[in-house]
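Let's take a friendly walk through a protein complex, one step at a time. Keep the picture open beside the text as you read.

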Amino acid sequence: MDPFESIKATFFQECEELLTDMESGLLAMEQGDDDSETINAVFRAVHSVKGGAGAFGLEELIRFAHVFETVLDEMRSGRLHLTDEVAKVLLRASDVLADHVAAARSGGGVDEGRTVGMIADLQALIDQDRAAELGLHDDNASAPADEDFGFVPIVLSLDEPASDAPEVDVAALMAAASDPEPATNPTWVVTFRPKADMYAKANEAALVLRELSRLGEIEVSLDASAVPPLDQLSAEQAYLCWTIRLAGDRSEADIREAFEFVEDDCELSVVRDGEAADASAPDLAIDDDSDASASAVEAAAAAPLDLDALLARVQPPSEAAPADAAPPSPEPAKTAPAETNAPDPAKLDVAGLIALAEKASQDHAQAAPPAAPKVDVKTEARASAGAPTAATPTIRVDLDRVDRLINAVGELVIQQAMLSQRVFESGLARSSDVALGLEDLELLTREIQDSVMAIRAQPVKSVFQRMPRLVREVADLVGKKVRLVMDGENTEVDKTVIERLSDPITHMLRNAIDHGLETPEEREAGGKGVEGTVRLAALHRGGRIVIEVQDDGRGINRPRVRGIAVTKGLIAEDAVLSDDEIDNLIFLPGFSTADVVSDISGRGVGMDVVKRSIQALGGRISITSEPGKGSKFSMSLPLTLAVLDGMVVSAADQTLVAPLSNIVESLTPRAEDVHLIGGRDAVICIRDTFVPLIDVGVALGFRDTPLPPASGVAVLVESEGGGKAALLVEAIQGQRQVVIKSLEANYQHIHGVAAATILGDGRVALILDVDALVTTSRRKAPRIEKRMAG
Amino acid sequence: MPAPGAIKTLIADDQQSMRSLIRTSLNALGITQTREAADGEDALRALLAQPANLVITDFNMPKLDGLGLLRAIRAHGPISKTAVIMLTGRADRELVQRAVQFGVNNYLVKPFTTQILKEKIEAVFGPLE
């Protein structure tokens with residue numbers, strides 16, 4: 001791929017994450033979270049989208065993102081306050097931004113009318129004068145590419161000796177210092193303590209002071225307290241220390257320049273007034289021991305890499321740091337209280353260094369006109385306390401590579417199982433070294449398999465995050481007020497499963513809003529709050545992931561559902577069904593309760609399709625409902641589509657695998673419990689309940705004559721719909737985790753078979769599709785079974 | 001005249017795509033010794049572990065923004081003389097001024113071309129060979 005194109009592809013991937021971050025931030029804001037961190041995060045996301053769009057010349061996207069960003073910036077600086085209305089506009093804007101990103105990605109267009117309307121809505125949030133000032137109405141939305149602010153780059157030489165003061169371009173600093181913005185000129189306090197060497201080199205303190213006086217009015221005081229009595233005084237020693245106060249409209253570099261020739265031979269500190277001057281460890285001393293001829297990089301590299309040592313050396317300057325170069329704030333006194341909160345220098349570490357730097361940035365925020373009202377204690381606390389929460393480093397890897405790895409590990413698992421089996425078949429003692437080694441290998445293999453699967457595991461967040469928008473749109477369309485509550489977004493599941501969760505969840509949510517919830521009027525009449533609640537949750541249960549969609553709506557209208565099912569011939573008129581069974585009728589093909597096929601749920605997709613798509617993932621779906629209180633759909637899915645816990649059984653000389661998740665129990669049938677219906681279809685009575693008895697060998701066409709029930713084992717299984725059946729097999733071999741190999745990809749679909757696997761002995765075993773087997777048997781004898789069940 | 005190949009560069013940006021773009025441009029200029037960091041804190045750690053001649057940093061980053069990174073670099077003796085070029089999303093006068101006060105060497109407005117990047121680097125180190 002063209003490198004540029006591949007970077008662009010990366011950008012769009014990032015956009016997905018950015019949009020997700022943006023939306024979760026906005027949702028928090030909708031709930032009233034006006035923490036500056038939240039607003040900042042949203043701003044940053046939009047800003048990054050815009051920045052990338054700029055790099056790739058995506059004009060439409062830039063144009064919209066710019067307006068959006070500007071509004072967020074107004075919030076960030078406290079000029080625009082968060083209200084319900086503002087949050088709603090921002091949320092809609094986020095949807096439009098997502099559309100723009102999607103359009104830019106696919107090269108398609110966007111709804112121009114919607115964009116224009118949205119831009120107008122965003123602009124309306126900002127005071128008209130302010131909007132003009134920001135240039136929001138200009139067509140040329142993107143800021144000029146490069147503006148000269150009188151900025152002069154600071155020149156640096158690559159091989160500059162480390163011990164030299166940087167060759168700071170004075171002009172640049174002058175330009176910055178003479179800028180109209182800095183409000184005050186705090187006074188510099190220079191402490192200058194010459195060493196004996198300075199005098200030995202024929203330098204003169206007075207000359208230095210005179211040099212300093214050229215920078216402006218200075219106030220010099222001499223500390224002669226160190227001068228010993230005359231009889232102890234050594235003519236070659238240095239005892240004097242000067243403190244010089246200098247008006248602050250000079251840069252620190254200017255001041256240090258005056259000491260250019262003596263700085264190696266004196267103790268020097270240059271700080272703003274009001275700060276603790278620590279003359280005992282002037283920062284220039286730091287470079288004293290570095291090799292003057294080494295380049296800056298080499299010198300730095302030569303410095304001990306031990307963080308503590310490094311930081312111990314830099315402590316005094318960093319302690320003085322936050323304010324010495326901090327922006328001249330309008331009222332110096334104001335920054336003073338903050339300093340008392342500065343972390344204990346003795347405990348400074350990287351986190352501390354960062355905290356200090358963050359504080360400087362914070363000061364920056366504070367200095368911005370009408371400063372955000374709460375430049376907060378919260379951030380402060382976070383900066384000093386929570387800094388070590390360094391994010392785990394991550395890398396991006398092509399899914400293909402992970403898949404290859406997972407496949408290879410799958411083969412490894414099989415190979416390992418085969419090896420074990422061969423070894424034991426060869427008659428080696430279980431306690432032999434080889435056997436013990438193999439056991440270790442097995443454990444290791446399992447561990448590798450788990451770890452590899454964990455690579456592909458992702459939180460369901462990526463799917464959940466798309467749902468708030470869906471809920472907003474559906475709610476708008478059907479005129480209902482809906483609050484979406486999400487739980488367990490961090491529940492992890494294999495990526496292959498995640499990708500296929502979206503459709504069923506989407507459909508269940510639509511269904512919940514469209515059918516489950518009442519209109520605001522109905523809700524009010526029923527004594528409920530006008531706003532309906534839909535809860536979307538994910539949780540791990542029994543090695544599976546369970547997704548629940550729950551509404552507090554009207555619940556299933558059972559008489560009506562039953563009536564429809566009878567009318568459509570789905571059940572017999574006299575069928576006796578439990579409430580649960582009635583509720584589950586909505587999953588039957590061809591069932592739709594919508595009076596009018598609405599735009600939302602009625603896209604020709606019924607719950608039966610949802611159910612089938614979940615079953616295709618090896619999942620189950622069920623519903624519980626309480627009239628007037630609401631309904632809850634639960635779907636449970638395997639955590640991965642790559643491996644399966646299975647019961648290995650044999651039937652008609654074939655080895656088969658039944659998914660453990662379907663199995664309820666196994667038993668040896670007694671001949672008197674088995675009854676033949678219509679001379680062919682068998683049912684078995686298990687604790688007074690009749691369930692179909694399916695001879696697996698016959699059902700799959702391995703043989704024609706059924707096995708005598710008493711000579712086999714009946715495995716009671718339950719299908720997704722809750723239908724039960726007993727599978728008659730010859731024997732149960734054991735429980736095993738198997739690697740799923742798609743039958744469709746390698747051969748073709750076979751009814752009653754879900755997939756295949758390779759067993760330890762190298763043979764292929766078919767994995768049973770329990771649902772298909774149960775459904776087939778039930779379809780054959782629906783009435784009989786019901787009558788008996790009743 | 002510094003040899004581009006000798007300029008050890010650290011790219012700090014929270015977006016992988018931006019880092020790749022900058023790296024591609026730098027490589028085109030012959031600056032091949034590049035490392036990347038995903039935020040200011042990450043960058044600071046990388047610098048402490050192994051110094052660089054040049055840091056090209058985005059302004060907007062989580063955890064520690066570009067200004068904070070600049071601050072930290074300047075406050076820290078062994079790495080305080082690292083050249084820093086700040087990337088900004090828009091030509092923001094106030095921002096540039098703050099960066100100047102913290103001792104930024106140069107700034108660069110997105111989107112930029114390889115040529116502009118070259119000029120910005122040359123303004124700091126002198127013409128590249």
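The term to learn here is pLDDT, the predictor's confidence in each residue, on a scale from 0 to 100. This is a predicted model, in which local features need pLDDT of at least 70, side-chain atom pairs count only at pLDDT 80 or more, and totals for chains, interfaces and linings use all residues. Residues are numbered from 1 along each chain as its sequence is written, while chains are lettered from A and ligands numbered from 1 in the order in which they are written.

How confident is the predictor in chain B? Its mean pLDDT is 88, and 98% of its residues reach 70 or more. For the complex, the predictor gives an ipTM of 0.85 and a pTM of 0.48.

Now follow chain B along its sequence. Of the 129 residues in chain B, 71% are buried (20 or more other C-beta atoms lie within 10 Å of the residue's own, with C-beta atoms placed from the backbone).

Next, look at two helices of chain B, H2 (residues 40-49) and H3 (residues 66-75). Their axes come within 9 Å and cross at roughly 25°; axes are lines fitted to C-alpha atoms, for helices over the stretch in contact, and angles run from 0 to 180 degrees between N-to-C directions. That makes H2(B) roughly parallel to H3(B), a label for angles under 35 degrees. Which residues of H2(B) and H3(B) meet? Gly40(B), Ala43(B), Leu44(B) and Leu47(B) in H2(B) meet Gly66(B), Gly68(B), Leu69(B), Ala72(B) and Ile73(B) in H3(B). The residues of this contact divide into six nonpolar, three polar and no charged. Ala, Val, Leu, Ile, Met, Phe, Trp, Tyr, Cys and Pro count as nonpolar, Asp, Glu, Lys and Arg as charged, and the others, Gly among them, as polar. Two residues are in contact if their C-beta atoms, placed from the backbone, lie within 7 Å.

Finally, turn to chain A. The axes of H4(A) (residues 84-106) and H5(A) (residues 112-124) come within 10 Å and cross at roughly 150°. The residues of the contact of H4(A) with H5(A) divide into five nonpolar, one polar and three charged.

Methods:
Helices (H or I, at least four residues) and strands (E, at least two) are DSSP runs, numbered from the N terminus. Angles under 35 degrees count as roughly parallel, over 145 as roughly antiparallel, 65 to 115 as roughly perpendicular and the rest as oblique. A residue is buried if 20 or more other C-beta atoms lie within 10 Å of its own, exposed if 12 or fewer, and partly exposed in between; C-beta atoms are placed from the backbone.
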